[in-house]
Amino acid sequence: MARRVNIEVPGVSHGNMPIPMATKVGNMVFSSGIHAMDPETGTIPDDPGRQVELVFQHMRTIVENAGGTTDDIALVIFNIKDNAYRSLVNDEWLKMFPDDGDRPARNTHLVDLGFGMIIHVLMTAVLEE
């Protein structure tokens with residue numbers, strides 16, 4: 001059996017690039033860049049709020065497809081195009097992690113993103129053994 005197990009999000013990909021959405025090694029899950037592709041349309045929506053919702057949805061799908069829950073997410077790195085989108089991220093963050101004593105570590109960077117993206121995310125999770 002392979003040491004690495006690729007984790008995918010149905011309907012979401014990195015195009016023709018040979019990159020999985022995430023990989024699981026032991027009880028660790030590491031995402032590739034999580035972007036806001038809508039699995040229904042295969043496109044990145046123009047609406048910033050919808051983009052933020054989608055990256056959180058994809059984080060959940062990745063960790064669940066790896067055998068865990070959002071409680072296993074340990075670190076999230078947000079790349080956002082503008083600080084104006086930080087409040088959208090905070091709103092979804094509080095929905096996913098409402099307990100202020102039980103949240104993952106987080107870091108946010110301002111990045112000039114392409115392809116109509118306003119957000120791009122990297123995630124690390126540690127699953128229970």
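Which residue stands opposite M28 of β3? Select V25: that is the residue opposite M28.

Before going on, some ground rules. This is a predicted model, where local features need pLDDT of at least 70, side-chain atom pairs count only at pLDDT 80 or more, and totals for chains, interfaces and linings use all residues. Numbering starts from 1 along each chain as its sequence is written, and side-chain values use heavy atoms, with hydrogens and water left out.

**Stop 1: β2 and β3.** Select residues 22-25, strand β2, which pairs with β3 in the antiparallel sense over four bridges. Strands here are DSSP E runs of at least two residues, helices are H or I runs of at least four, and both are numbered from the N terminus. Pairing requires at least two DSSP bridges between two strands. Now select the turn: β2 and β3 form a hairpin with two residues between them. G26 sits in that turn, with a positive phi of about 60°.

**Stop 2: the faces of β3.** Select residues 28-31. V29 and S31 make up the covered face. M28 and F30 make up the uncovered one.

**Stop 3: β6.** Select residues 119-126, strand β6, which runs antiparallel to β3 and is joined to β3 by three bridges. The partner of M28 in β6 is V126.

**Stop 4: F115.** Move to the loop between β5 (105-110) and β6, where F115 lies. Most residues other than glycine have a negative phi. F115 has a positive phi, near 60°. F115 is exposed, at 78% relative accessibility. The cut-offs are under 20% relative accessible area for buried, over 50% for exposed and partly exposed in between (1.4 Å probe, protein chains only).

**Stop 5: T69.** Find T69 in the loop between α1 (48-65) and β4 (73-80). T69 is partly exposed, at 38%.
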